[in-house]
Amino acid sequence: MAIELRDLHKSFLVSGRTRPVLRGLNLTLREGEITAVVGRSGCGKTTLLRILAGLEPWDAGEIAAPAGVRMGMVFQEARLMPWLNVRANIAFSGRNGRMAPERVQELITRVGLSGYGGAYPAQLSGGMRQRVSLARALAYEPDWLLMDEPFSALDYFTRADMQKELLEIQRAERRGILLVTHNLDEALFLADQVVLLQDGRVAQACDLRMWQKPRDPVSREAAAWKRKLLDCMEETR
Amino acid sequence: MSSRENRPGVRGLVVLAVLLLLWWRVCRLEIWSAYLLPSPGRVARALAQLWTSGELQDGVLTSLRRVGLGFLGACCAALILGVLNGLMPRLAAWTRPVVHFVRNIPPLSLAPLLILWCGIGERAKVLLIFLAAFFPLFLNVEKGISGCSPALLEVGRAFGLSPWRRFWKIILPSALPDILVGMQIALGYSWRAIVGAEMVAASSGLGHLILDAQYMARTDRVIACILVIGLLGYLCNRGFEGLVGRVLRRGTDDGD
Ligand SMILES: Nc1ncnc2c1ncn2[C@@H]1O[C@H](COP(=O)(O)OP(=O)(O)OP(=O)(O)O)[C@@H](O)[C@H]1O
Ligand SMILES: [Mg+2]
């Protein structure tokens with residue numbers, strides 16, 4: 001279920017003037033791979049995800065995706081239903097809004113929130129809410145996970161746990177992941193491909209497929225790959 | 001701390017007791033005649049008399065039935081129209097001037113017309129309550145429905161919910177606190193309207209009982225009925241507050 005973006009254009013009308021955000025973006029999201037998108041604030045990363053999730057129309061270009069492909073969106077903000085507890089928020093995206101309680105429980109454990117199933121969003125921390133939002137997207141059983149800086153509010157250790165979970169989701173469930181992140185180390189640890197978004201295009205794409213997972217972020221090998229990624233990203237600056 | 005906060009009734013009772021004591025004391029001083037201000041004892045006796053004669057129960061039931069019918073009707077109409085208006089801002093632009101024009105007319109001022117059109121039967125009174133309850137509820141429903149967060153609606157779209165399910169699973173629950181508050185206000189308005197209506201045009205009900213007592217110069221009966229009206233209104237409100245509180249406690253804040 002690869003997804004192909006060809007010559008994608010998108011502009012917004014802001015105070016009477018059209019502001020181009022995507023200007024001829026080309027990108028291939030390969031099946032079952034993790035693609036990390038990096039780029040400066042305001043360069044259009046969220047816009048790209050929203051287009052893929054079907055929440056935003058685009059102006060020109062083409063998106064070639066298999067029919068009926070399911071996109072599980074993890075928004076930049078958690079966007080939980082405040083009147084539902086954690087369990088109900090996760091089951092929210094299940095087919096027909098229903099899910100087996102065991103499955104919900106499994107997802108809760110997976111995002112490290114055991115014991116919080118009955119809590120309401122207002123009773124959770126920002127990072128906990130983000131993880132509920134991830135569990136909700138997983139409950140949708142998507143072919144692709146679209147994640148907009150999902151771990152930005154997490155501490156080092158929880159973040160590391162979540163990254164391992166993502167790798168597991170990729171490995172065991174064969175889901176593709178498109179991950180927006182500001183953290184190059186995160187991209188380095190997770191991604192098969194890192195793309196730099198700039199001026200509305202993919203300015204650089206760095207292929208990391210040759211580096212076997214799980215990766216050791218502090219090995220000699222890691223240093224070499226980081227050098228490669230940085231060189232790659234530097235070229236356009 | 002929390003156990004004290006859960007029982008605000010106790011502190012309220014203290015104030016009530018003090019007021020009662022004050023009332024009793026003032027009566028003992030005999031500043032005003034017993035006709036102008038009957039003592040608590042006389043009012044209690046009047047209340048007992050009203051009870052044994054069955055007039056009180058009759059009046060309460062009659063008034064309650066009218067309030068119930070009018071309020072229920074208003075709820076149905078206000079929910080349907082409020083939801084339609086909330087979902088369709090363009091429709092709301094058409095109806096808004098009319099709504100705000102009519103809602104500023106005190107329902108009781110329509111009594112002469114309603115009596116003319118419907119006679120002094122039950123219909124006029126129920127209609128009056130309907131008018132009193134409809135507008136506060138309608139406006140709250142509209143506010144709640146139209147105020148639904150676009151960010152949450154988008155979550156529904158992202159996960160493929162049909163418009164119908166988006167309404168039931170996102171729009172309606174997010175509007176629920178507003179709707180309940182609207183119902184609470186509407187219920188209060190109904191109470192006020194019914195007593196007024198029964199004083200203008202009725203031969204039964206609590207309002208009529210008061211008017212009747214006035215003709216017979218029975219101030220003690222008047223006060224007894226007023227106390228009953230206050231008590232019933234208070235109980236209705238308490239019940240509703242419990243309901244609203246339980247819904248609101250779940251939180252309306254998603255923290256984003
Ligand atoms: N609904 C909108 N209307 C008008 N302009 C918009 C809208 N959404 C985004 N934009 C504009 O598009 C550009 C890209 O926004 P986007 O949210 O995609 O950035 P981003 O890369 O996700 O940034 P960040 O890293 O800060 O989240 C910005 O300049 C923004 O002003
Ligand atoms: Mg963004």
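Reader: In chain B, what share of the contacts between residues at least 6 apart in sequence join residues at least 24 apart, and what makes a pair a contact?
Author: A contact means heavy atoms within 4.5 Å. Among contacts in chain B between residues at least 6 apart in sequence, 71% join residues at least 24 apart.

Reader: What are the ground rules?
Author: The model is predicted, so local features need pLDDT of at least 70 and side-chain atom pairs pLDDT 80 or more, while totals for chains, interfaces and linings use all residues; side-chain values use heavy atoms, without hydrogens or water. Residues are numbered from 1 along each chain as its sequence is written, with chains lettered from A and ligands numbered from 1 in the order in which they are written.

Reader: How many helices and strands does chain B have, and how do you know?
Author: Helices are DSSP runs of H or I with at least four residues, strands are runs of E with at least two, and both are numbered from the N terminus. By that rule chain B has 11 helices and zero strands. From the N terminus on, the elements run α-α-α-α-α-α-α-α-α-α-α. The C-alpha atoms of chain B fill a box of roughly 75 × 55 × 30 Å along the principal axes.

Reader: Why is helix H10 of chain B called mostly covered?
Author: Buried means under 20% relative accessible area, exposed means over 50%, and partly exposed lies in between (1.4 Å probe, protein chains only). In helix H10 (residues 206-215) of chain B, seven of the 10 residues are buried. Among them are B:Leu206, B:His208 and B:Leu211. For chain B, 39% of the 256 residues are buried. B:Ala217 follows H10(B) and has a positive phi near 55°.

Reader: What makes a space a cavity, and how many are there of 30 Å³ or more?
Author: On a 1 Å grid over the protein atoms alone, a cavity is a set of points where a 1.4 Å probe fits but cannot get out, and lining residues have an atom within 4 Å of a point. Grid points are joined across faces, edges and corners, and the volume is the space filled by probe spheres set on the points. The count is two cavities of 30 Å³ or more. Helix H6 (111-118), helix H7 (122-146) and helix H9 (163-200) of chain B each give two or more residues to the lining of the largest cavity.

Reader: How does the lining of the largest cavity divide by class, and what makes a residue nonpolar?
Author: Ala, Val, Leu, Ile, Met, Phe, Trp, Tyr, Cys and Pro count as nonpolar, Asp, Glu, Lys and Arg as charged, and the others, Gly among them, as polar. The lining of the largest cavity has nine nonpolar, no polar and one charged residues. B:Lys125 is in that lining.

Reader: What of the second largest cavity?
Author: The second largest cavity holds about 30 Å³ of space. The lining includes B:Asn85, B:Arg96 and B:Glu142. Helix H5 (89-103) and H7 of chain B give two or more residues to that lining. H5(B) supplies the largest share, five residues. The classes are four nonpolar, three polar and two charged.

Reader: Which residues coordinate the magnesium ion (ligand 2), and what makes an atom a donor?
Author: Donors are N, O and S atoms within 2.8 Å of the metal (3.2 Å for Na, K and Ca); water is not among the atoms, so sites may look incomplete. A:Thr46 (OG1) and A:Gln76 (OE1) coordinate the magnesium ion at 1.9 to 2.4 Å. A:Thr46 lies in helix H1 (residues 45-52) of chain A and A:Gln76 in the loop between strand S5 (71-74) and helix H2 (86-91), so the pair ties together parts that are 30 residues apart in sequence.

Reader: Why is A:Thr46 called partly exposed?
Author: Because its relative accessible area is 29%. A:Gln76, at 33%, is partly exposed as well.

Conventions
On a 1 Å grid over the protein atoms alone, a cavity is a set of points where a 1.4 Å probe fits but cannot get out, and a pocket is an open set with protein on both sides within 12 Å along at least five of seven lines; lining residues have an atom within 4 Å of a point.
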